[in-house]
Amino acid sequence: NNTQFFNKAFADTGVKQVDFRQATTAANMPKGTKTAFIPVSFNVAVQGTFPQILDFLHQLEGGTHYCRVLTAGLSVGGATRSGLLTLSLTLELLGLP
């Protein structure tokens with residue numbers, strides 16, 4: 001299941017989950033469109049060090065699901081300068097119909 005896929009990636013890489021929610025996808029696909037895959041959209045934000053963020057992206061890239069990143073943003077941890085970065089993604093996991 002998709003939640004387990006993300007929970008494993010969070011745990012394996014040590015990133016902190018800041019936001020995780022499924023987004024609506026019905027508006028993204030015109031009616032009658034036939035595709036090889038059915039997209040399931042998610043908004044994901046994680047916080048961690050640069051190596052943890054890269055490891056998280058590698059987990060998504062090499063995971064059991066096809067993953068397509070639609071938008072990405074990376075920001076520095078604010079006034080504390082703790083060395084933590086926040087990665088915000090809008091992505092789709094692609095499944096077979």
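User: Which residues touch the most other members in the largest nonpolar core?

Analyst: Bearing in mind that this is a predicted model, the largest nonpolar core has 16 residues, and the ones that touch the most other members are Phe6, Phe10, Val44, Val46, Phe56, Leu60 and Leu91. Two or more residues of this core come from each of helix H1 (2-13), strand E2 (38-48), helix H2 (50-61) and strand E4 (85-95). E4 gives the largest share, with five residues.

User: And what does valine 46 touch, leaving out residues up to four places away in sequence?

Analyst: With those left out, valine 46 touches Phe10, Val15, Lys16, Gln17, Val18, Ile53, Phe56, Leu85, Thr86 and Leu87.

User: Is E2 as a whole mostly covered or mostly open?

Analyst: E2 is mostly covered, since eight of its eleven residues are buried. For the protein chain overall, buried residues make up 26% of the 97 residues.

User: OK, stepping back, what is the pattern of helices and strands along the sequence?

Analyst: The protein chain has two helices and four strands, and read along the sequence they follow the pattern α-β-β-α-β-β.

User: In what order do the strands sit in the sheet?

Analyst: The four strands form an open sheet in the order E1-E2-E4-E3, with antiparallel pairing. Strand E1 (16-22) and strand E3 (66-76) are the edge strands, each of them pairing on one side only. Direction ignored, neighbouring strands of this sheet are turned by 15° against each other on average.

User: What about the two helices against each other, at what angle do H1 and H2 cross?

Analyst: Two packed helices are described by the angle between their axes and the distance between the axes. Here the axes of H1 and H2 cross at roughly 145° and come within 9 Å, and the crossing is right-handed. On the H1 side the contact is made by Phe5, Phe6, Ala9, Phe10, Asp12 and Thr13, and on the H2 side by Gln52, Asp55, Phe56, Gln59 and Leu60. Phe6, Phe10, Phe56 and Leu60 from this contact are also among the core residues that touch the most other members.

User: Changing topic, what share of contacts join residues at least 24 apart?

Analyst: Counting contacts in the protein chain between residues at least 6 apart in sequence, 67% join residues at least 24 apart.

User: Last one, how much of the accessible surface belongs to carbon and sulfur atoms?

Analyst: The accessible surface of the protein chain comes to about 6200 Å², and 56% of that belongs to carbon and sulfur atoms.

How values were computed: Residues are numbered from 1 along each chain as its sequence is written. This is a predicted model: local features need pLDDT of at least 70, side-chain atom pairs count only at pLDDT 80 or more; totals for chains, interfaces and linings use all residues. Side-chain values use heavy atoms; hydrogens and water are left out. Buried means under 20% relative accessible area, exposed over 50%, partly exposed in between (1.4 Å probe, protein chains only). Contact means heavy atoms within 4.5 Å. Accessible areas come from the Shrake-Rupley method with a 1.4 Å probe; for residues, only the protein chains shown count as cover. A nonpolar core is a set of buried Ala, Val, Leu, Ile, Met, Phe, Trp, Tyr and Cys residues joined through side-chain atoms within 4.5 Å. Two strands pair if DSSP finds at least two bridges between them. Axes are lines fitted to C-alpha atoms, for helices over the stretch in contact, and angles run from 0 to 180 degrees between N-to-C directions. A crossing is left-handed if the near helix is turned anticlockwise from the far one by less than a right angle, and right-handed if clockwise.
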